[in-house]
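This report describes a protein model one part at a time. Look at the structure first, then read on.

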Amino acid sequence: MAEKLVIVGAGVAGVNAATKLVDNGFPGENITIIDMGKDPYLRPYSEVMTGFLGAGGWSDGKLTYHTAIGGHMSKYCGEEKAMELFDEVINNFKRFHPKPEEVQCSNPIAEPDFIKPYFGLRLFPVWHVGTDYLHEIGKNWYDFLVDNGVEFIWETKVTSIDFDAQELFIGEEESFINPKNWPINYDRLMFAVGKSGIDFGKQLATDYKLPTEPKPVQIGVRFEAPQKHFQKLIDVSYDFKLYRKFEEEGVSLRSFCTNNNAAYVAVEETYGDHSYNGHAKKDESFRNDMTNFGILMEVQGIDEPFTWSRDLVSKVNKEGTGLYYSPTRTPSTTSEGENVSAVTISEMDEVREAFQGYYTYIDDFIDDMKKVFPTLEDDWGVYIPEVKYLSPEPLVNYDDLSLVDYDNVHFVGDALSARGITVSGAQGIYVVDSILETHFPEEYPEFFENY
Ligand SMILES: Cc1cc2nc3c(=O)[nH]c(=O)nc-3n(C[C@H](O)[C@H](O)[C@H](O)COP(=O)(O)OP(=O)(O)OC[C@H]3O[C@@H](n4cnc5c(N)ncnc54)[C@H](O)[C@@H]3O)c2cc1C
């Protein structure tokens, strides 16, 4: 008899995990997925981070296909297995895609000479699902899981977990009276809450004194400029990643998540503060001929990197939103035609102060881009800040991503060490591989035939 698996978070990791289970004959009735967002039929565009497929549901739909980017996968399972898992995630997106033939892979091959004196250029393959198809993919995928018996509990935020009693709670302890008979029990738990749940992950890490791995700070700005200045590079690599490393100072910088053609800056809200990200629309009617990307700095060796980043972010929030600086431009509009929320500043002093000396690296990055892309000059702007709160990463067993002290609790996706869709999905599938292999070798022979 299969055990009861509860997945907290119907995001990329949780949904890929459930799919892998169902595909291998695990009874869907034994899987419960709880999410604080909505199902794909009800989820509005404004709910960027929550609901079916999580942050991946309204993302830019770019599935990176390389182990060197997007967080950790190969550290757990080796290069070859990681690539196999990535294939499974990409195949799932194709499988539920209304037009799978449109899922294309861009695979640039050579670093152009004009970049070399100033930047390294990371070139890697990316599969493009297409933002405009994500909604349909979500609906098809959801229907498949529901048809196979998987239970979904929507608009329900899990607020505490008793790892010893194997129970999940919502709300305050007094408010347990509800139609679903909370608390819900589990035999095995997958904690797949993504970025929108990192405060919850942190709370659990504190409550259970979970040992964690040290993390760097990842912070910077979202850079935006007319696409024409970067066209020479975009022709070589649509998703170009410029990078540079200052080994001795423990600092590295990279351009992050480049969007072109119909490129929009998006506001993210975490812990009540605003930060920025970007996305691109596929539909030609959204074309604005802009390019945006994060300039993200990774700083090693900062004590309490999480607190440090949060403190910086709150210092560069004003009047309830982030900041915009440009020598010549004004903030752009969102894909819905509204102004991107930001307070425009004319001087960078307060920003430099908040970054405690580290902003110089970003200044230099922009200065060198002006050399590589000579028409750029002062025709650019930055939205401040862009931040990646790397959740305090609990120490897990590498063979199944279970907590070292609770081997029936698995952390996956952005709640662990993933950054992005492919790695998050791969981590969900990896855990399932291991659950089936270790706990049900005889019950699921289909799995072993395919393995
Ligand atoms: C605007 C934007 C664009 C992006 N574009 C790309 C891209 O093009 N390519 C790429 O690789 N990555 C992209 N990303 C990142 C990518 O979406 C995430 O890395 C990925 O979705 C993480 O998967 P996950 O399953 O770990 O978490 P998520 O997909 O975020 O899912 C987590 C789920 O958990 C639920 N949840 C959280 N806390 C609780 C709780 N306490 N109780 C119940 N439910 C809870 C949330 O509602 C959510 O549905 C983008 C992100 C954003 C915000």
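## The parallel sheet

Isoleucine 7 stands opposite methionine 190 in S11. The model is a predicted one, in which local features need pLDDT of at least 70, side-chain atom pairs count only at pLDDT 80 or more, and totals for chains, interfaces and linings use all residues. Residues are numbered from 1 along each chain as its sequence is written, and side-chain values use heavy atoms, with hydrogens and water left out.

Strand S1 (residues 5–8) pairs with strand S11 (residues 188–191) in the parallel sense, over four bridges. Two strands pair if DSSP finds at least two bridges between them. Strands (E, at least two residues) and helices (H or I, at least four) are DSSP runs, numbered from the N terminus. Strands of a sheet pair through backbone hydrogen bonds, either parallel or antiparallel.

An open sheet of five strands has the order S7-S2-S1-S11-S23, with parallel pairing. Its edge strands, each pairing on one side only, are S7 (151–153) and S23 (409–411). On average, neighbouring strands of this sheet are turned by 20° against each other, direction ignored. Helix H11 (residues 421–439) lies across S11 and S23 and runs at about 165° to S11. Axes are lines fitted to C-alpha atoms, for helices over the stretch in contact (heavy atoms within 4.5 Å); angles run from 0 to 180 degrees between N-to-C directions.

## Helix H1

Helix H1 (residues 12–23) has twelve residues. From its first C-alpha to its last it reaches 16 Å, close to the 16 Å expected at 1.5 Å a residue; the expected span is 1.5 Å times one less than the number of residues.

Why is H1 largely enclosed by the rest of the structure? Eleven of its twelve residues are buried, meaning under 20% relative accessible area (1.4 Å probe, protein chains only). Among them are Val12, Ala13 and Gly14. Just after H1, glycine 25 takes a positive phi of about 85°.

## The ligand

Which residues come nearest to the ligand? Of the 36 residues around the ligand, they are Ala13, Asp35, Lys62, Asp414 and Ile421; a residue counts as near if one of its heavy atoms lies within 4 Å.

A backbone N or O atom of alanine 13 lies 2.8 Å from an oxygen atom of the ligand. For isoleucine 421, a backbone N or O atom is 2.7 Å from a ligand oxygen atom.

## Arginine 222

Arginine 222 is in strand S13 (residues 217–226). Because its relative accessibility is 0%, arginine 222 counts as buried.

Technical notes
Buried means under 20% relative accessible area, exposed over 50%, partly exposed in between (1.4 Å probe, protein chains only). A polar contact is a pair of N or O atoms within 3.5 Å; within protein, one must be able to donate a hydrogen and the other to accept it, and residues adjacent in sequence count only if both atoms are side-chain atoms.
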